[in-house]
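Colleague: I have a new model open and would like to go through it with you. Can we start with how to read the annotations, then move on to the fold?

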Amino acid sequence: MPTSLPRELTRPVMVGSVQIGGGAPVVVQSMTCTPTSDTEATLNQVRALADGGCDVVRVTLPNRAAIDSFKAICNASPVPIIADIHFDYRLAIAAVDAGAAKLRINPGNIGSWEKVDAVIDAAGAAGAAIRIGVNAGSLEEDLASRDDLTQPEKLVASSLRFVEHFEARGFKDIVLSAKAHSVPTTIATYRALSRELPHIPLHIGVTEAGTVQQGTIKSAVGLGVLLAEGIGDTLRVSLTADPTEEPPVAWGILQCLGIRRRGPELVSCPTCGRTQVDLIPIAQEVEKRLRTCEKPISVAVMGCVVNGPGEASDADVGVACGKGSALLFKHGQPVRKIPESQIADALMEEIEKL
């Protein structure tokens, strides 16, 4: 085990007021899916993502007609805005001029090196960061066609090519991603990048991960492995869903690993034949009510006397259920016995007092 985790060795990169890398807390982000030209709808989604725990938000700038709206979004956003740019280097320059704190580009689809350099120079002059976003689905042809390289090797080779060019031009505010839909490919790629480019902050994610259930599973496995190894300075959980579904999953992964905490952790048992209350709807109701709670506490909802008292007393507040009732614990001490119908209400009352 190294004395320092990889993310503590990466170079700090500022995205507006948010630091990525250099041992800073892992940054959570997502991306809007509204038309950028609809300023109010996009701003509403940005605000919802920020309320859900995003430290930064990415917004696409698809064409010149959306520039004025993008500028208004940057000006009114509660968090730094990242511009997502493809194909047209002029849009990347316009995004920087409009107030983007960071660009996300795939240099391979921007065009010639001269066009890439124009983007680098504009970002450097404005103090904006750049994420080099390499993707398995859009690798440069000379790498994509090579049969002697594995997919992770192709992604790493593409990443090295671009990072070396940016640094040779004197641009240091780089964040790097190299994404694939395959979890094993994702893990192998980022492990290699962490070895090859230990100073570059890494944006991790499993791209095109799928709908909420599949995407959550793939992201939890892929990102969880990397984060547990100290790899990853910022992350996005990509789901085919309303983007506000993404931050809770990201935070759940970080919280399970003890990396960052935001809001409560619910501990609840799977139930068994010993359970003598209707525990599942009780746990679901408590989970629902906890969504608006930002206190970094643990809440236990346990179904029987085997593990219930121990888990409930270890939590900040919890219940261990018996026959049609539960014993309420707070900070390890039993408080009172409550009927089954009042469990959720009693827990929330105690949480309010914490």
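Modeller: One definition before the annotations: UniProt positions are given in the numbering used here, feature names are shortened, and annotations may be inferred rather than shown by experiment. Also, this is a predicted model.

Colleague: Fine. Which residues does the "domain: IspG C-terminal" annotation cover?

Modeller: In the unreviewed UniProt entry, that annotation covers residues 265-353. Over this stretch the chain is 34% helix and 30% strand, with the end C-alpha atoms 17 Å apart.

Colleague: And where does UniProt put "domain: IspG TIM-barrel"?

Modeller: The unreviewed entry places that feature at residues 10-251. There the chain is 45% helix and 17% strand, and 22 Å separates the end C-alpha atoms.

Colleague: What does the domain assignment give for the chain?

Modeller: Domain 1 is 6-257 and domain 2 is 265-353. Their C-alpha centres lie 39 Å apart.

Colleague: Back to the sheet. What's the strand order?

Modeller: S11-S12-S13-S14-S15, five strands in an open sheet with mixed pairing. Strands S11 (265-268) and S15 (333-339) each have a single partner strand, so one side of each is left without a neighbour in the sheet. On average, neighbouring strands of this sheet are turned by 20 degrees against each other, direction ignored.

Colleague: How many bridges join S11 to S12?

Modeller: Four, and the two strands run parallel. One of the residues involved is Ser268, whose bridge partner in S12 is Val301.

Colleague: Which strands does helix H12 lie across?

Modeller: H12 (residues 279-290) lies across S11, S12 and S13, at about 165 degrees to S12. Helix H14 (residues 343-353) lies across S12, S13, S14 and S15, at about 155 degrees to S13.

Colleague: Last one. Where is Val163, and what does it touch?

Modeller: Val163 is in helix H8 (residues 151-168) and counts as buried because its relative accessibility is 0%. Leaving out residues up to four places away in sequence, Val163 touches Ile132, Ile174, Leu176, Leu197 and Ile200.

Note on methods: Residues are numbered from 1 along each chain as its sequence is written. This is a predicted model: local features need pLDDT of at least 70, side-chain atom pairs count only at pLDDT 80 or more; totals for chains, interfaces and linings use all residues. Side-chain values use heavy atoms; hydrogens and water are left out. Buried means under 20% relative accessible area, exposed over 50%, partly exposed in between (1.4 Å probe, protein chains only). Contact means heavy atoms within 4.5 Å. Domain bounds come from an automatic or database domain assignment. Two strands pair if DSSP finds at least two bridges between them. Axes are lines fitted to C-alpha atoms, for helices over the stretch in contact, and angles run from 0 to 180 degrees between N-to-C directions.
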